[in-house]
Structure formats: structure tokens, C-alpha cells
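I opened this notebook to keep track of what I looked up, one entry at a time. Have the structure open beside you and follow along.

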Amino acid sequence: FGVDFLGGDAVTFKYSQQEDVEKIRAALKPAGLGDATIQYQKDVSGGRPTLRVTGASGSAKAIEHTLETNFPDARFEQVEEQEVGAVVGAQIRQSAAIACIFAMFGILVYVAFRYEFSFALGAIVAVAHDLLLTIGCYCISGRQFNDTVVAALLTIIGFSINDKVVIFDRIRENLKLGVRGTFTEIINQALNQTLSRTIITSGTVFLATLALFIFGGGEINDFAFTFLVGIITGTYSSIYIATPFVLKWHKGQRPNIGGSASQVTMQNTPATRA
């Protein structure tokens, strides 16, 4: 966990010359503060702009010494020092967990009401897979959890469920139109019909996020990395997890979504040869 969750020291400096954020981060790295939050702020009351650096607990002196030593021309001078309590971090962790749970519950209710309960369960299983795999990749990368990552995870939930709803909507539409074939064939046809849309949408979002990952620093890089993994998992889980779950739930039988019983009977009747 990062400073947002564990607490730490926030030090505010005034300065005579603004230095690049990445240069400051590079200078803090040897002191073990490469993950510090660095923000330039401007007083809304018209005061002078300041630099706020938030690091691990007990790092205030190291931050001050590093800035004064490496950037003498900037004349950094400490004006305020605050301690971010671990209690606040625990509240943030709890709020993040509650936000994810409520988001998943909202998806379950919406998809169940709009489509069918099996579709809702399939979506939840796939989205849960997306989140767990993304968190796993993030942990393997050695990065720290912060509030930016929580925002990325909630964004992944929205992106992932959007892709699944598009596929589910096409499956339901094909069932209502009375398209002939087994449920497996209906699902396969719906996937093929939406495949180009999925590739184009996910591809363009991936490229935009990749640009943020390459050129963005600090917390933007963490957000971009998390979202990149989420885009990949959210795309393939729609095809290989969500829809197969629905198929398995109905044991391969075609559900009666819209249409009368006579229509369903006619749909399952083989076409008469010419």
C-alpha cells in the first residue's frame, strides 16, 4: 500500500524557480522516495504557488534535505509539514472496497432486470476475473497501491461491463428475432457480429492509454498501467468467460427471451428442404 492507504508525511515548500516534476522524482529515488506524490499547487486566494511532496511516514527530513541539496537554484523552503494519519488510510481502503462491491451489485441488478439473471451472473463473474487479474499483475509489477489505482479499477468495471452488455444485447436481439440454430450457434453468431466493434473500441482505448503509460509519469503511469491490463482482460473475458458462463448456465438450451412459446418451437424446428 502507498501513502494514501498507510499514511505518511506531506511537506509543502515555497520556491523561487519551478523545477520539473520528473527531475524531482529522480532526485528523491536514491532516498527511497521514488513513489512520493509531487504536486505544484496555487493558493486560490492569490498567494504564491507552492510544491507539496508526500512521502512515507518519517520522510519529511529526507525530502527537505534532498530538495535543498539537488536544487539550490530553486531555493526550496519548507513552509508546512503535515502527517497523513494511518486512520485516514484505513478509511480510504474501506471506502474503496465498498465502492467496488456496490458497483458490482449495481451491475448485477441492472443486467438481471434488463436481460436475465444468468446474463447478470456471467457479467459479474467476468468482471470479478478482470479485477482480480489486474490486481495480480499490478502486484507482480512491484507498484504501490494508491487512490489512483482504485479509480483505475472502478474505470475497468465500467469499461468491462459495457463490452459485455453490447454482446448480451446482440444475443437477446437474435433470440427475439427468431434466428434459427442452437443456443451455441446464436452466441457464436452474436460474438462474430460484435467482434469488429469490440476490436475497434478496445484497440483505440488501448492506444490512448498506451500513450499515457509511455509519456505520463507518477500516478498517471500507475493509472495507465492498471487500465492497460484491464482493457486486455475486459475484452477477452467477454468472449471466453461471460458468454460461455451463460451457455453453461442454460446447459446449452435456448432460453425463451421474448417471443411466444410457438415462436420458440418454430425456431427449434429444422428448416424444410426446398
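**Entry 1: Ile239.** I began with Ile239, which lies in helix α8 (residues 219-249). Helices here are DSSP runs of H or I of at least four residues and strands are runs of E of at least two, both numbered from the N terminus. This is a predicted model, in which local features need pLDDT of at least 70, side-chain atom pairs count only at pLDDT 80 or more, and totals for chains, interfaces and linings use all residues. Residues are numbered from 1 along each chain as its sequence is written, and side-chain values use heavy atoms, with hydrogens and water left out.

Leaving aside residues up to four places away in sequence, Ile239 touches Leu191, Leu195 and Pro244, where a contact means heavy atoms within 4.5 Å. I also noted Ile167: it sits 72 residues from Ile239 along the chain, with 8.7 Å between the two C-alpha atoms.

**Entry 2: the whole chain.** I then stepped back to the protein chain, which has nine helices and four strands. Read along the sequence, their order is α-β-α-β-β-α-β-α-α-α-α-α-α. Of the 274 residues in the chain, 41% are buried. Taking contacts between residues at least 6 apart in sequence, I noted that 75% join residues at least 24 apart. The accessible surface of the chain is about 14700 Å², with 61% of it belonging to carbon and sulfur atoms; the areas come from the Shrake-Rupley method with a 1.4 Å probe.

**Entry 3: helix α5.** Does the end-to-end distance of helix α5 agree or disagree with its residue count? Helix α5 covers residues 117-140, and its 24 residues should span 34 Å at 1.5 Å a residue; the end C-alpha atoms are 35 Å apart, so the two agree. The expected span is 1.5 Å times one less than the number of residues. Buried residues in α5 include Ser118, Phe119, Ala120, Gly122, Ala123 and Ile124. Further along the helix, Ala126, Val127, Asp130, Leu131, Thr134 and Tyr138 are buried too. Just after α5, Gly142 takes a positive phi of about 80°.

**Entry 4: Thr134.** I picked Thr134 out of helix α5. Thr134 is buried because its relative accessible area is 1%. Which residues does Thr134 touch, not counting those up to four places away in sequence? I listed Leu153, Ile156, Thr226, Val229, Gly230 and Thr233.

**Entry 5: Leu108.** Leu108 is in helix α4 (residues 86-114), and I have it as partly exposed, with a relative accessible area of 23%. Ala120 is twelve residues from Leu108 along the chain, and their C-alpha atoms are separated by 5.0 Å. Beyond residues up to four places away in sequence, Leu108 touches Phe117, Ala120, Leu121 and Ile124.

**Entry 6: Leu175.** Leu175 belongs to helix α6 and counts as buried at 3% relative accessibility. Leu175 and Ile186 are eleven residues apart in sequence and 7.5 Å apart in space, C-alpha to C-alpha.

**Entry 7: a cavity.** How many cavities of 30 Å³ or more does the structure hold? I found one. A cavity is a set of points, on a 1 Å grid over the protein atoms alone, where a 1.4 Å probe fits but cannot get out, and lining residues have an atom within 4 Å of a point. The largest cavity has a volume of about 30 Å³, and its lining is made up of Phe159, Asn162, Asp163, Arg197, Thr201 and Ser202. Helices α6 (147-177) and α7 (183-215) are the elements that give two or more residues to that lining.

**Entry 8: positive phi.** Most residues other than glycine have a negative phi. Arg75 is not a glycine, yet has a positive phi of about 55°; Arg75 is in the loop between α3 (60-70) and β4 (77-84), and is exposed at 64% relative accessibility. Lys251 likewise has a positive phi of about 55° without being a glycine. Lys251 is in the loop between α8 and α9 (261-267) and counts as exposed, at 72% relative accessibility.

Definitions and conventions. Buried < 20%, exposed > 50% of the residue type's maximum accessible area, 1.4 Å probe, protein only. 1 Å grid on protein atoms, 1.4 Å probe; cavity = no way out; pocket = protein on both sides within 12 Å on 5 of 7 lines; lining within 4 Å. Points joined across faces, edges and corners; volume = space filled by probe spheres on them.
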